[in-house]
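Let's take a walk through this protein, from the overall picture down to a few single residues. Keep the viewer open as you read.

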Amino acid sequence: MMSAAEAPASPVFGLPRVPRTVVSRPRITKLIADLLKDHDLIVVRAPSGAGKTVALADWAASGATTGYISWVSLDERYADRVSFWREMILGTALRVDESHHELISECAEALLAGADTRAVLRRFVPFIPQTTIVVDRLDLVQDDELIEDMVWVLQRCHHLKAVVATRTRSILETPSIALALDTAFIGAVPLQLSVEETREVLAVRGFTMDPVEVHAATAGHPLLTRAVETVHARSGQSNLTASVETAVSDFLNLSLDKSSLGQATKEFMVRTSIPESFTPDLAVKLSGSESVTNVLNDLEDQGLGMWFQYADHQRFEYTAAVRVLLLKSLKAMDPRDIDRLTRIVIEHDLAVGNAANALRQAIAISDLDLASKIACDHHIALLLSQAKTVRDILGALPISRLRKHPALIMALALCHNATSTGRVKALEYFGLAVVFAGMYKHSMDAGQRIWMLTLESAALRFAGKLEPALKYAKRAVEGFEQSPWELKERLSALEPTLYDQAAIAHIHDQQFDAAADLLCKSLDASRRAATGPSTFLTTGLLAFALASAGRCKEARMHLAWLNEARWPPGMLDGYWATTYRLAQVREAMDRQSYTEASEYMDLITSEMQVSEFWPQIVGFRTLLDLHRTGVITGPASLEARIRRAHKAPLNDSGQIDLDRLRATMYLIARQPQKADAVLSKYSRPDPRVLLMQARIALYLGDPAKTMKLTGIDDLGPRLEVHRLLLRAAALGRLNDAEAARDNSHAAAALMVEYGLTMTGALLPQEDLDVLARYVQADEPEIPAPFGVLPDRAETASLTPRELVVLNAFSLHGSANEVAGALNVSVNTVKSQRRSILKKLEASSLEEALVIARRQRLLED
């Protein structure tokens with residue numbers, strides 16, 4: 001029978017080299033090839049050692065299936081979404097026209113940059129040639145999203161098929177997948193050796209035992225057949241029911257004796273068993289031997305492991321059962337030798353970008369200081385592509401072991417925070433990290449302290465604690481900028497993230513100019529480090545900060561670059577582009593291009609539940625609905641939208657933004673008292689609150705109060721324009737036309753200087769019409785605004801407490817009942833009722849309630 005090694009060449013990427021001593025099994029090759037003709041997906045599920053890998057490799061090398069075959073043998077490097085699909089994309093690049101290579105490579109780079117996986121796949125799918133994907137060891141995948149990706153791609157690419165090998169059940173065997181794809185299953189039984197195949201295995205290996213007897217003892221299990229038959233054929237024993245472990249142990253020893261290398265090779269194997277797979281170079285470092293390729297080839301011939309070919313290198317992997325035995329032998333070595341060998345593996349893993357496994361190995365030798373350094377230095381790679389693996393590694397450790405290493409707790413928190421379902425757990429870990437960081441900072445070096453301050457700032461920000469987050473961010477920046485050159489060089493990879501995180505805290509605190517300065521420093525650092533994806537993220541943040549401040553001409557320069565730049569595929573479709581899209585929305589609204597702004601907003605509406613900028617998304621979405629459709633959804637609809645979006649703690653600044661939005665909706669609904677009540681809780685002067693209160697006063701016919709409330713300075717361009725327009729409207733109502741004109745002219749000058757318009761002024765239309773004439777007299781190119789506030793109306797000016805009493809009367813019939821409901825005296829209720837009747841000019845409570853409903857003073 002022809003061996004797999006002698007089979008016709010097949011266009012296969014990543015195919016393991018089948019040992020020469022393995023015989024072909026045509027019946028399994030034909031089974032797989034026939035099933036692929038009528039099915040999109042084949043699942044091969046069988047226990048370890050059942051021969052899945054060898055059988056699939058035999059089929060793949062046979063040429064029985066047309067088209068390309070992409071083989072991925074999963075291990076820790078390729079068991080997460082990003083690494084798996086990057087390997088698939090790079091493999092495809094070898095098989096398509098050269099003109100497509102750059103576009104496909106960009107897809108691979110986008111995944112590493114954190115782009116939305118599904119968006120990248122959408123871009124990648126059209127390039128896939130006729131291909132069959134082979135995924136070995138699917139049971140290593142812990143992320144169901146990767147498997148869901150496979151199903152999604154198979155549904156959309158009809159010339160793509162998949163064969164997966166696994167030891168355990170997966171979601172691919174659920175009824176929903178069977179409905180979505182034509183799926184076939186191959187279990188352990190077809191993989192069992194027949195009597196005839198057992199005879200051929202014995203013949204190839206030179207054994208003379210009765211194949212019928214051997215087959216009966218092993219039930220045709222391929223690994224046990226080779227192990228048990230070898231042991232007993234050589235020893236002459238008649239007991240064929242020896243334990244698997246003993247059989248494998250004896251099989252290993254006899255295989256080494258049979259090879260030209262002998263028992264000395266076992267030490268080599270034990271030393272190289274620490275990594276799950278390894279390159280020849282790593283084997284040289286671990287074993288001390290200068291020539292390892294011949295040794296590994298011999299081990300492959302003895303069935304103790306297999307070579308796997310990747311895009312640019314080969315890796316060797318021991319058979320699972322053999323590696324288990326080797327790891328037991330490893331534990332008997334001198335602990336100092338184990339520590340030294342493990343550190344060699346860690347160094348290698350970091351060099352090839354496998355930070356997650358380096359982290360795992362550091363924890364295995366209980367070096368949590370090294371693990372902390374890995375978590376800090378490689379946080380971006382760990383967070384973007386290996387978050388699930390890191391959660392599993394660190395989540396298995398008790399907090400008592402991590403308390404002196406808050407960087408590891410912070411890494412665990414960030415990995416949980418990467419998914420919407422992990423936010424609650426993330427907040428718990430963020431809190432613990434902050435507490436322990438404060439307790440053990442003295443044990444960190446200067447670089448670790450700076451990075452920990454940055455992470456603490458982010459943790460506090462996610463927890464809704466903006467003031468301490470801002471303090472820690474400033475300390476991190478100061479610490480970095482005052483550091484010696486050597487430390488700055490060491491932290492250069494972290495520099496853009498440090499500035500970005502500090503800038504985000506400043507944006508939340510409305511310190512847009514300071515944020516812009518920090519982001520410019522981040523851009524310089526990103527360009528020096530040539531980190532393209534970071535440049536896109538930072539530029540989007542910068543455009544958003546500038547647009548929020550009202551520095552729209554500068555924002556448009558950065559938006560123009562982002563609009564023309566070649567973004568990594570997928571980055572525009574998710575979290576990474578949120579602030580870029582918000583900047584686009586703000587800029588389009590300033591031009592009164594509300595349809596265009598809505599199109600940008602539609603791209604990130606789904607981010608409301610995960611982005612820390614969700615209050616801004618809610619606010620823009622609500623204002624766009626008003627400006628674009630003119631439909632007033634009402635305060636109740638706004639609250640429903642907030643409840644759908646609110647999935648994270650809200651900081652004080654975000655609360656002000658939402659309350660200002662609530663007040664706006666009440667004012668639009670002709671309920672100025674309710675609008676005022678929403679803002680009455682703010683005692684500390686905040687320009688956003690003061691300007692909103694000034695609008696309410698103007699609506700209620702109190703321009704003098706508007707003038708008083710707008711007597712503030714040191715505002716950014718956007719708020720200063722709104723302040724000047726409010727004062728101009730108030731002065732117009734006070735019959736001071738000259739002063740109103742002067743304020744309008746000052747506002748117009750700022751609009752021209754910074755590229756602003758009257759959008760967002762939130763004044764009644766009758767006031768806007770007057771001010772527009774003043775503004776356009778100087779600057780005719782500034783468009784007349786569209787007002788969303790109603791014209792002035794006769795609305796009673798009730799105090800917040802009177803509103804409460806009035807609403808109570810709408811629910812209760814008597815003063816006694818109202819007093820009981822509000823827990824106040826009856827005399828107090830009667831006094832407030834008299835004041836209400838007087839202000840509403842009503843002769844009875846019933847009439848007062850009718851007037852209140854007409855003026856929309858009652859709760860919905």
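Predicted model: local features only at pLDDT ≥ 70, side-chain atom pairs only at ≥ 80, totals over all residues.

## Ground rules

First, a word on burial: a residue is called buried under 20% relative accessible area, exposed over 50%, and partly exposed in between, using a 1.4 Å probe and protein chains only.

Residues are numbered from 1 along each chain as its sequence is written, and side-chain values use heavy atoms, with hydrogens and water left out.

## The big picture

The protein has 46 helices and eight strands. Those are DSSP runs numbered from the N terminus: H or I with at least four residues for helices, E with at least two for strands. Of the 860 residues, 57% are buried.

The accessible surface comes to about 36,000 Å², and carbon and sulfur atoms hold 52% of that; the areas come from the Shrake-Rupley method with a 1.4 Å probe, and for residues only the protein chains shown count as cover. Now for contacts, meaning heavy atoms within 4.5 Å. Among those with a separation of 6 or more, 67% are between residues 24 or more positions apart.

In soluble globular proteins, nonpolar side chains tend to be buried together. A nonpolar core here is a set of buried Ala, Val, Leu, Ile, Met, Phe, Trp, Tyr and Cys residues joined through side-chain atoms within 4.5 Å. The largest one has 169 residues, and Phe-84, Trp-85, Met-150, Leu-172 and Leu-394 have the most contacts inside it. A second, separate core has 32 residues, including Ala-694, Leu-709, Ala-730 and Tyr-774.

Leu-160 sits in strand β5 (residues 160-166) and is buried, at 2% relative accessible area. Which residues does Leu-160 touch, not counting those up to four places away in sequence? They are Ile-128, Thr-131, Ile-133, Val-153 and Leu-154. Ile-133 is 27 residues from Leu-160 along the chain, yet their C-alpha atoms are separated by 7.5 Å.

In α16 (residues 320-330), the buried residues include Val-322, Arg-323, Leu-325, Leu-326 and Leu-330. Those five lie on the same side of α16 because they cover an arc of only 160° around the axis, taken from the directions from the helix axis to the C-beta atoms.

Helix α25 covers residues 446-462 and reaches 25 Å from its first C-alpha to its last, close to the expected 24 Å; that expectation is 1.5 Å times one less than the number of residues. Buried residues make up 14 of the 17 in α25. At the start of α25, a side-chain oxygen of Asp-445 comes to within 3.1 Å of the backbone nitrogen of Gly-447. After α25 comes Gly-464, with a positive phi near 85°.

Over in α40 (residues 717-733) you'll find Glu-720, which is buried at 16% relative accessible area.

## Two loops with positive phi

Gln-592 isn't a glycine, but its phi is positive, near 60°. Gln-592 lies in the loop between α32 (578-590) and α33 (594-602) and is partly exposed at 21%. Back to Asn-823: this non-glycine residue has a positive phi of about 60°, and its loop runs between α44 (815-822) and α45 (826-839).

Definitions and conventions: Polar contact = N/O pair within 3.5 Å; in protein donor to acceptor, adjacent residues only side chain to side chain.
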